[in-house]
Amino acid sequence: MPFSNQDLRSAGLKVTLPRVKILQILEDSDQHARHMSAEDVYQALRDAGEDVGLATVYRVLTQFEGAGLVTRHNFEGGHSVFELDHGEHHDHMVCEDTGQVIEFNDPIIEERQHKIAEEHGFELVGHSLVLKVRKRDPK
């Protein structure tokens with residue numbers, strides 16, 4: 001379900017043109033790239049003829065992260081990418097050759113992580129799993 005101006009208000013953010021435009025860029029990319037850097041968002045805004053500065057993009061993405069609207073990931077050597085947070089947990093695979101990010105969810109992995117935490121006397125309250133992958137050579 002797409003985010004709306006009401007979602008911005010509910011997150012404690014004023015509805016401003018830059019925030020709405022950035023949210024739209026993230027929504028539109030959600031079906032394709034899903035994970036965008038601040039520079040990707042900035043370039044998409046420029047391509048759409050929007051006059052929003054890079055510093056504004058960084059500031060808005062940080063505000064969105066603080067409000068729980070986006071999740072920040074640091075997949076490649078500290079390079080941050082953002083995705084909308086729809087509240088659905090998933091893990092990631094990152095191709096070391098191309099940087100492609102593939103999302104997946106595996107109930108067996110999820111169950112096993114909870115069990116491991118429990119075996120060590122803990123309750124799992126959150127996690128982030130990133131698998132670094134590379135395409136296999138065809139044989």
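Arg 112 is partly exposed, with a relative accessible area of 41% (partly exposed lies between buried, under 20%, and exposed, over 50%, for a 1.4 Å probe and protein chains only). The side chain of Arg 112 forms a salt bridge with that of Glu 119 at 3.6 Å, N to O (a side-chain nitrogen of Lys or Arg within 4 Å of a carboxyl oxygen of Asp or Glu). The model is predicted: local features need pLDDT of at least 70 and side-chain atom pairs pLDDT 80 or more, while totals for chains, interfaces and linings use all residues. Residues are numbered from 1 along each chain as its sequence is written, and side-chain values use heavy atoms, with hydrogens and water left out.

By this rule there are five salt bridges. Arg 72 pairs with Glu 65 at 3.0 Å, N to O; Arg 72 has a relative accessible area of 29% and Glu 65 one of 31%, and Glu 65 thus counts as partly exposed. Salt bridges with shared partners join Glu 96, Asp 97 and Arg 134 into one network.

Val 41 is in contact (heavy atoms within 4.5 Å) with Ile 22, Ile 25, Leu 26, Met 36, Val 57 and Leu 61, not counting residues up to four places away in sequence.
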